[in-house]
Structure formats: structure tokens, C-alpha cells
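Me: Please show me the chain first. After that I will ask what stands behind the terms used for it.

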Amino acid sequence: MKIIPLQQRGIAASRVIMGCMPFGGGWNRDPLLAEDVLKAEKALDAAMSIGISMIDHANIYTMGKAEEAFGRILKNRPELREQLVIQTKCGIRFGEGDVPGRFDFSKEHILESVDASLSRLSVDYLDVLLLHRPDPLMEPEEVAEAFGKLKASGKVRYFGVSNMSAAQIRFLQSALPEPLVVNQLEMSLAKLDWLDQGVHVNQQAGVNVNFSEGLMEYCQMEKVQIQAWAPLAQGRFTGRSVEGEPANIQATAAMVQRMAAEKGTTPEAIVLGWLMRHPAGIQPVIGSSNVERILATKDAERQAQLMTREEWYSLYVSSRGVNMP
């Protein structure tokens, strides 16, 4: 069983993460409903029943209601807190009146965001805090002040980022006394630029690849945990109708279904196992509140261990729609 970077740092993280973006109802200012909390609780129980112990939030998910729904669960079942690794994000601000939507890594915003998340989640500390999207106005020293204060007060144990390049991580890390431990990125069989960037070195095919050069290698060398958001690609390979999808997506969906049947497992386990087979020890973040979908991921780690090099490349090449070399 592969030991992933977070586990190497002594963080008791599961290989698969439950993402809480769907929790809390709609993306609006409507009040949180009891049925929304119940739906979130059923999803959490399903996740924990298959060994998922790491939970991913963001302060903006359903306008804060995702954290609030989770917090109500923990209020009623406080014993769950020490069984879970709770991660949330901050740094995105919605537009307000004449002020546009924006990113904000100011010390004031980081500190205020953490206090608000702790209150909504009904917890005293966060295991991991991520900066959600790069802020062009980021000053590493100011971020370091905020992180230092949060660490000293016991409000946050570890820090990381989301959607950042290798250069941005190095720039931020230059002012921090402790290592950034996570970088969360969109990665799936439908989002392959993280692989194509390396495969297409010194090839014309690489001209249009939009991914940070050397990011995968940097994270692996520095033991930065790579987490994959949207790893199931909205179900494009696992049962959603593929009518109207490009030929490569349809062919790959058929291949996933066939492999799942041959191996006696689920399409979800094949798709996630493909990601987890990568040497970086990727953690998929399952952004679903559907109990059946969550349970269908149970076999993913085993499929990652069993997947051959040839099977892995078959899925990669099929989804790219272009043969190699």
C-alpha cells in the first residue's frame, strides 16, 4: 500500500477525500434546511464506512452553507471530530455591489476567513488550510504573518494551496518557515494537461498544453501532496450518458466499463484507480453527496495497486484520442 506525502508527514489522511462542495443546498443566501444537513450526514456516514477520513471544504461552497451543514453534524456527534482530517480553503471573494469578484490573500482576510470557517464547522482547529486560487496581489511575507498567527494560536495545523504553479508555490514558500503540504488541481481522464505537459517535451504537440512546467516533479520532490478535484469528470466515464461526447470520451467510457466488468469492480474504482496509480500518490477529491456514488469508490485503492502499466496507458491514450509515441 502506497504511503502518500500527507501520511509521510504524520497526517492520518485517507487515500480518497470526500469533497463537500455539494453540501448545504443551493449556491444562494437561502437558509440551511434540516434536509440539507441530513443529506450531508448520510454522505459522511457512507464515506466513513469505506474508510474515507479526510474531508475537503471551502468557505465559499454553497455560500458557506456546506461548512454550516457539516458543523451541525459535528455538534450532534462531537466524537467524529478526532476521527476526521478536516481541510478547508479561503481566498476567493464574491462580487459585492460595485466591487468585483476577486482573490484575497491579505492577512486580514485569511484570519477572518479561518475564524468564520471554525465557527461554521463547529471545530476548534483545522487540520489543513488551503489558499484557494492564486492572488496576483499576494505578498508572501503578509501570508506568512497570517499563517504564523494561525499556527501559534492552534487554529490551523498545516497549510497548502490550490491551483498553483511550481513558481507560485516556491515564491510563497520563500517566506514560510514550514512547508506547504498540499496543492489541489483539476485532474482526471478528461483533464490530461498535467500528463501531456511532460509527455510532449520537445514536441510540437506540446505548444498548446496549458499546465505549469515541472509542477508534478516539484510536488513529488518536495513531498507536496497533490489532490485531484473533479477526478470523476462529472461522471463522463462512469455511467452518465456519453451521447454527444467526443469519440475519444465515448471510447474511453466503454473501456472503463469493460475493465470494471472484467475486474468485478465499479467504473468509479477504475477511473480513480487510474489517477491513484501515478507515482505522485494523488488523492482524488470526490465531490458528491450521492451515497451510491461515494460507495462505488470503495475499491479504488486496490484497483490502483492492481492496474498494470499497459492498462494505465490504454486509458490515457484512449482519452487523449491520439496514439503514442
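This is a predicted model: local features need pLDDT of at least 70, side-chain atom pairs count only at pLDDT 80 or more; totals for chains, interfaces and linings use all residues.

Reply: Residues are numbered from 1 along each chain as its sequence is written, and side-chain values use heavy atoms, with hydrogens and water left out.

Me: How do you know how many helices and strands the chain has?
Reply: Helices are DSSP runs of H or I with at least four residues, and strands are runs of E with at least two, numbered from the N terminus. The chain has 13 helices and 10 strands.

Me: What does the radius of gyration of the chain agree with?
Reply: The radius is taken over C-alpha atoms, and the globule rule is 2.2 Å times the number of residues to the power 0.38. For 325 residues a compact globule would have a value near 20 Å; the chain has 20 Å, so the two agree. The C-alpha atoms fill a box of roughly 50 × 45 × 45 Å along the principal axes.

Me: Why is S113 called buried?
Reply: Buried means under 20% relative accessible area, exposed over 50%, and partly exposed in between (1.4 Å probe, protein chains only). S113 has a relative accessible area of 7%, so S113 is buried. S113 is found in helix α4, residues 107–121. Contact means heavy atoms within 4.5 Å; S113 touches N59 and C90, not counting residues up to four places away in sequence.

Me: Is S122 buried, partly exposed or exposed, and why?
Reply: S122 has 30% relative accessibility and therefore counts as partly exposed. S122 lies in the loop between α4 and β6 (126–131). Its phi is positive, about 60°, although S122 is not a glycine.

Me: What is the case for N163, buried or exposed?
Reply: N163 has a relative accessible area of 16%, so N163 is buried. N163 sits in the loop between β7 (156–162) and α6 (166–173), and its phi is near 60°, a positive value in a residue other than glycine.

Me: What makes a set of residues a nonpolar core?
Reply: The members are buried Ala, Val, Leu, Ile, Met, Phe, Trp, Tyr and Cys residues joined through side-chain atoms within 4.5 Å. The largest such core has 91 residues, of which M18, F70, L129 and W274 touch the most other members. A second, separate core of 11 residues includes I11, M54, V85 and V182.
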